[in-house]
Amino acid sequence: MATASEVAEQAERDDIRLRWLLSAPALLIVFLAALGPLLIVVVYSFLTPGNYGDVKWQFSTDAWVSVLFERDVFDDTVSFATAYLSIFWRSVSLSLATTVLTLTLGFPTAYFIATRPDHRRDIWLFLITIPFWTNLLIRTFAMQEVLRNDGIINSALQLLGIADHPVQLMYTNFAVLAGMVYVFLPLMVLPLYASMEKIDFRLVEAGYDLYATRFEVLRRIIVPLVTPGIVAGSILVFIPSLGAYVTPRVLGGGTNLMIGNLIELQFGQGRNWPLGAALSITLMVIVMVALLFYVRNTTRSDGAHG
Amino acid sequence: MAKRFDVRRQNGFVSLAILCFFLLYLPIATLVVYAFNDNDSLAIWKGFSLRWFHVAWNNGLVIESSIRSFQIAAVAALLATISATMAALATTRTNPYRGLTFKYAFINQPLMVPEIVTAVALLIVFSRIKIWTGYSGLGYLVAAHTAFCVPFAYLPIRARLESMDLALETAAADLYATKWKTFRHVTLPLLWPGILAGLMLAFVVSLDDVVITEFVKSGGQDTLPTYMLGQIRRGVTPEINAISTAFLLLSIGIVTAFFFVSRKRT
Amino acid sequence: MTAMRPAVEANGVTRVFRGTGQDSVRALDNVSVAIRENEFFTLLGPSGCGKTTLLRLIAGFDFPTDGEILLYGQDIAPLPPFRRPVNTVFQSYALFPHMTVADNIGFGLKMLGRPKAEIEVRVDAMLKLVHMQELKNRRTSQISGGQQQRVALARALAPQPKVLLLDEPLSALDYKLRKEMQIELKRLQHETGITFIFVTHDQEEALTMSDRIAVMSSGNILQVGTPWDVYDHPAERFVADFIGETNFLTGTVESAGNGQAQVALRSGAKIRATAAVDFRVGSNATLMVRPEHAKLVKGRGDLCGTIENIVYFGTDTHIHVRLDEGDVFMVRQQNSRSAGCGFENGTRVGIQIGDNAAQLLKD
């Protein structure tokens, strides 16, 4: 007869086998239609572009070279690819600006919701969730309604006599920034709210009891308590901003490209799939670095709280 | 009388919050109002009319792409929810075992990679498979949507499972329920709201997708969002506002349902 | 008396939890105990002593690393929990929130495949047993903590298990309700005739309810005995210290034999004490005296000291005396309505320890 410890070991083995079996379908579909193809992208970035899109199966590092440098057609000299670098720079700076602006607006909003009475919080939260779940394209399109030459802003400006002819807002960096702030704002508010909801306001009372002013309470008690929410919200906004495609395409027109649009170009008009692949991987690496920062930050704060 | 001191108050926060809500809803409101504009162009308000809803309703391409959107979303959400439920059961409430972290990372991978990158990757792989197999049906879109829906379905299901009291299943086992009976009579009924929430989330996420669909679709496989993207590029009539308004109403409906399902606590 | 067959027997049971890396925890260390049929048996000890682990091993939620557990002489190692005729009342009650009170109580019988009619009759009988007939169709979230406790009991009793395991079931209740449920549990055990194995860290609860108590500490059973045994004749210093309040005195054994000993204290006083085991003459030993077994006198006693603190407790008064040797000795005096305790802080007093009031302990 089996001893107890044999029974236990067998049960554990069975359990782990069942667990692998159960997770197999999810792992398989993610591998087939998300992760696996990414590995192929790496391969493609080292091939030669085909004449009509696609690739020729010839090893080449040209794509990677041209991410950073450009080769002069006439004398074959190599210099920094200012065009691509400027697009990367625009993407990163627009994403940072988006993150800062959503935080500036989102922080008071999340705080506002978290300090409502219990029964009214859900309503405010609901008002944040509706835009969150509304199609991103529709929200971008709605922003276009506001920004276009005969849109609300311009009508208001003219009505008030501030401007006598429409101010060009569409197809500018401003439009892209406004659109991204609008589109990603709920992504900032929700994690901020999640951590503000947990604030023990007795700590705030203790702060006031110990002679802190309102601003000091905010800076020394509330902000440190919700730091995980600030970090999570910032990452949740920064990463999709960096990879944004729809918003710059609709609001930025053809000139205010971000990385996402640049990648698309290589698969469309550019017909340079290896370059597109190399740019994709570059984007992914930037995102991974941001995520790594996030992971390190959260694990550290976990450790600090025991 | 002296004003009561409110410890929760922070100067200017309420105004900023109100401003934030105003900014969130102003564009949506504009969009909806202009859907009812009785004018060929968006520019000038000519009076209330349901005309553009009619136009959209009678536009074969709109109806066709809407139906395609729903078909893909329904199948993808269902497949994603089933596999995510199984995966959630396999990855929660256990001592860490070899491969557990790997599974987490794997399942959540679609969330961490920018959509455009996944889209490009799928374009590369699927275009090759299309040449090899000659098949160019909706299967590619369904597969792609299922994959990026998995983490969204997984999230609420896993959260529900983790908040579930392990003692309940232990109690069932103690009361003569086999593993399967425990799952059927205790785990599944308690997990149900989570599964429903996951299903709705996956459905909405699939319905909303533009980027991946835009890259994966073959000719004539427009979904409603990709159709709209094409139209917006070409210059817009209030028809797009009408379609958006209808879509918006649907989203609100689903969010409301989601809200009530996920709020239902046992 | 006929030899009673043990309902549950643990033979050399060890449970080691492997931790991360090298550190592992020996939750149970070669534990052996026999629990008799129809007995109210309590596992008592501080948290982390292994009492809940032992309970989980009997229920089948966990497996021993070594040793065997027998249920009426049969090794139950290969049986999963759903095949063991043992039911548990959980600390958190673990009532199914998606079912009514009646469905909860009938769950075990339903899983056993009993006919509907039988389940219904049995559920009604259980509801009656725990006085919950009116709440039959309520959801478990709509009833109070005390009522949930009763439902959990009824649910575990409904399949008529051979042994009922209770894992600190009263710890979530407030003081009054806990007292009430203690009596209720005793009644249920009496009426059903089922063996109860009760886990608690509350020594008072253990003393009032149990037929026998096993006192546990860091994975070992230190003593098994009736409440009277473990209170008045603790085998070890830990048992004496954990159960009730105790004064410890050190001294030298002068003579020993027949469960008796004579001990010379440092103060020079000689005290007669009972001894569980034989002690070597001339060895150092610890003496235990319960505060209520010592008497305060004006003048000289076996010990002398100065009153340092007087604490009033309603039913009795605790008087802390600083002995001349330096330790503090506590005496408990029953209060009467007419007067105070008769002593004041700073008074010099003597302490008298009667025969059989002291017990010699293993260290």
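View 1. A residue is called buried if 20 or more other C-beta atoms, placed from the backbone, lie within 10 Å of its own, exposed if 12 or fewer do, and partly exposed in between. Helices (H or I, at least four residues) and strands (E, at least two) are DSSP runs numbered from the N terminus. The model is predicted, and local features need pLDDT of at least 70 and side-chain atom pairs count only at pLDDT 80 or more, whereas totals for chains, interfaces and linings use all residues. Residues are numbered from 1 along each chain as its sequence is written, while chains are lettered from A and ligands numbered from 1 in the order in which they are written.

**View 2. Y171(A) sits in the loop between α6 (152-159) and α7 (173-196) of chain A**. The phi of this residue, which is not glycine, is positive, near 60°. Y171(A) is classed as partly exposed because 17 C-beta neighbours fall inside 10 Å.

**View 3. Chain A contains 13 helices and 4 strands**. Its radius of gyration, taken over C-alpha atoms, is 25 Å, well over the 19 Å that the globule rule gives for 306 residues, so chain A is more spread out than a compact globule; the rule is 2.2 Å times the number of residues to the power 0.38. The C-alpha trace of chain A spans about 90 × 75 × 35 Å along its principal axes, and buried residues make up 43% of its 306 residues.

**View 4. The contact between chains A and B takes 67 residues from chain A and 68 residues from chain B**. Two residues are in contact if their C-beta atoms, placed from the backbone, lie within 7 Å. On the side of chain B that touches chain A, α1(B) gives the most, with 13 residues, and that side divides into 53 nonpolar, 11 polar and 4 charged residues. Here Ala, Val, Leu, Ile, Met, Phe, Trp, Tyr, Cys and Pro count as nonpolar, Asp, Glu, Lys and Arg as charged, and the others, Gly among them, as polar.

**View 5. Chain C is divided into domain 1 (6-237) and domain 2 (245-361)**, with bounds from an automatic or database domain assignment. The centres of the two domains of chain C, taken over C-alpha atoms, are separated by 38 Å, and 5 residues of domain 1 are in contact with 6 residues of domain 2.
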